[in-house]
Number of protein chains: 2
Amino acid sequence: MGGTIRIEMSLAGALLSGDVRALARAISLAEDRDPQASQLVAEVQPHTGNAYLVGLTGAPGTGKSTLADALVKVIRDRQQTVGVIAVDPSSPFTGGAVLGDRIRMSRHTLDKGVFIRSMGARGHLGGLAAATREAIHLLDAYGRDVILVETVGVGQSELEISTICDTVVLVLMPESGDAVQSIKAGILEIADVFVINKTDLGGAEKTRRLIQDAMGLGPKQAWRAPIVLASAAKEEGIAQVWDAVRAHQAYLTESGTLATRRQQRLKQEVMALVADRAREDARRVLDGDTAVGRRVRENQNGKLNPYALAEEVLDQRASQGGS
Amino acid sequence: MGGTIRIEMSLAGALLSGDVRALARAISLAEDRDPQASQLVAEVQPHTGNAYLVGLTGAPGTGKSTLADALVKVIRDRQQTVGVIAVDPSSPFTGGAVLGDRIRMSRHTLDKGVFIRSMGARGHLGGLAAATREAIHLLDAYGRDVILVETVGVGQSELEISTICDTVVLVLMPESGDAVQSIKAGILEIADVFVINKTDLGGAEKTRRLIQDAMGLGPKQAWRAPIVLASAAKEEGIAQVWDAVRAHQAYLTESGTLATRRQQRLKQEVMALVADRAREDARRVLDGDTAVGRRVRENQNGKLNPYALAEEVLDQRASQGGS
């Protein structure tokens, strides 16, 4: 036990002193859902809050990874350090893309100011959202100026990019159904910056007008999300994308909205931790020698009411002192 | 209030009597996270447990939707009714695919034995997993013989296909990185049936050997997942896919494993309901006039320890009687 604590201390110390292997090891612990990761995060927490978190989201095929790569170059040109987390809940099935990222990103491998990490299911089903949050804290404590978090799509309750990042960049393709569908679903609201990527495909202006018209119909916002046309593969328009992100950052800081966003983020993380704990408590009640556990185990046909069982589990936990 | 209850009663009655509009309305309530949906599910629960649940999963582009469409035809030819739920957490960004599904599936629109529904985020962020579970219960109570649930990839803790379905069909493409990545990640274990789709691309035999070799290395299983080669677009090998599913069903039934799987499914659902409740309780504590809520609201720099805050929320709930 003493040994374990000594290892954690030294890992935290190494991470804070800028040891990249310590960072990689710590993120692996988070990905493996090792309890040491949470202890590490708690320990380095006083050194966090300095990184600026940028989310890149959009449908598969819109070129998010290529854009991330191009943005890394711009960020480095501006003398900031950067960490990239590519989150793929469906990995390893999209392992090709992850592999592609690594190859594409390899031009940055000798640059100590760039740290890139793909996070997938790794055979450990579940826990990816918690692992990602921990990885962000670790990169923040490690001292990165900017953290780019790349995710596929939105609408996943557990890993909602808009509750994790300071600025959300929504990547669309010209003339794709995406833009229309996004407008219908009111998803445009999560975007702080729009990027219409792959402008060489044509139709980018039409897509821009579509988005502008949709925004015109919505409620007036204090921040009007800019629409940037880019070709990440040709590295065109990337500086403009980054300028738009920085403009949003300036707006958030000056308006005081940044603090509010970060409070929301902290609240979401606490809620997720409480939910995870409740889930594990429920598992113990159901697996244990309890009336409700026996009922489920003896059930043969699936006709029990799950809502009533959930109530029973909650009652059981309450009678045990609510822990 | 009396009016509300009367409406629910009649909706449940209509659904159980086979009214397709009642079913569609009920699933919409689930998708909208309307509390009436949970009440409906609780009410129709005694009529569930008869449908056989088949999950179709795999990377984007492997042809899951086309396979689902082809399977529907085979299932109908064998005189069974079928419900299809296409779950897309990243929708509406992949709205094109959903639209494509509808067009492709349109040949079934006049067939009362087929009910098809896409479930996406619909602008309501979060809750998709709960909505999907409810939709499955509703289709089950409606009397469908078979329910096909199509999801993208695996590794999402909330919506784990293997905890939702009786038989999991893993769809791969020949010679894709998917197969190799799946083997590395130990994801093969979730598959009850493998389908190597798009055999016209070539390389299917090589992929089959790859999977066979990997399975040979793993622990001996009582059920050895068959590998079926198919071309969903050409409707080749589809009857064999369905035969493999039925063979797995026979194995589960005869070995008694089906009851265990369904207990696991019920347990997972109860755990998810408890976690959702805890999340909402935590939100109330954090938004309320509590010490921990004030601490988060007054925080300006994000340096609070989320684990310590989660503990505080749990203590607060315990002191309120654990509800």
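In chain B, strands β6(B) and β7(B) pair in the parallel sense over three bridges. Here two strands count as paired if DSSP finds at least two bridges between them, and the strands (E, at least two residues) and helices (H or I, at least four) are DSSP runs, numbered from the N terminus. This is a predicted model, so to speak: local features need pLDDT of at least 70, side-chain atom pairs count only at pLDDT 80 or more, and totals for chains, interfaces and linings use all residues. Residues are numbered from 1 along each chain as its sequence is written, while chains are lettered from A and ligands numbered from 1 in the order in which they are written.

Back to the strands. The bridge partner of B:Phe194 in β7(B) is B:Ile227. On to β5(B), which pairs with β6(B) in the parallel sense over four bridges, with B:Val171 standing opposite B:Val195 in β6(B). Strand β6(B) is covered on both faces: B:Val193 and B:Val195 on one side, and B:Phe194 and B:Ile196 on the other, are all buried. Buried means that 20 or more other C-beta atoms lie within 10 Å of a residue's own; 12 or fewer makes it exposed, anything in between partly exposed, and the C-beta atoms are placed from the backbone. Strand β5 (residues 167-172) of chain B also runs parallel to β1 (residues 52-58) of chain B, joined by five bridges, and B:Val54 has B:Thr167 as its bridge partner in β5(B).

Put together, the strands of chain B form an open sheet of seven, in the order β3-β2-β4-β1-β5-β6-β7, with parallel pairing. Strands β3 (114-119) and β7 (227-229) of chain B stand at the edges with a single partner strand each, so one side of each has no neighbour in the sheet. From one strand to the next, the twist averages 20 degrees. Helix α9 (residues 204-217) of chain B lies across β5, β6 (193-196) and β7 of chain B, and runs at about 175 degrees to β7(B). Such angles run from 0 to 180 degrees between N-to-C directions, using axes fitted to C-alpha atoms, for helices over the stretch in contact.

Chain A has 13 helices and seven strands, and 54% of its 323 residues count as buried. Its open sheet has seven strands in the order β3-β2-β4-β1-β5-β6-β7, with parallel pairing. Seven bridges join β1 (residues 52-58) of chain A to β4 (residues 146-152) of chain A, and A:Leu56 has A:Glu150 as its bridge partner in β4(A).

Further along chain B, the axes of α11 (residues 257-287) and α12 (residues 291-298) come within 6 Å and cross at roughly 70 degrees. That makes α11(B) roughly perpendicular to α12(B), a label for angles of 65 to 115 degrees (under 35 is roughly parallel, over 145 roughly antiparallel, and the rest oblique). In α11(B), B:Val285, B:Leu286 and B:Asp287 meet B:Val292, B:Gly293 and B:Val296 of α12(B); being in contact means having C-beta atoms, placed from the backbone, within 7 Å.

Finally, the core. The largest nonpolar core has 186 residues, and A:Leu138 and B:Leu138 have the most contacts inside it. Such a core is a set of buried Ala, Val, Leu, Ile, Met, Phe, Trp, Tyr and Cys residues joined through C-beta atoms within 7 Å. Not counting residues up to four places away in sequence, B:Leu138 touches B:Leu15, B:Leu23, B:Ala26, B:Ile27, B:Ala30, B:Val41 and B:Val44.

Terms used:
Contact = placed C-beta atoms within 7 Å.
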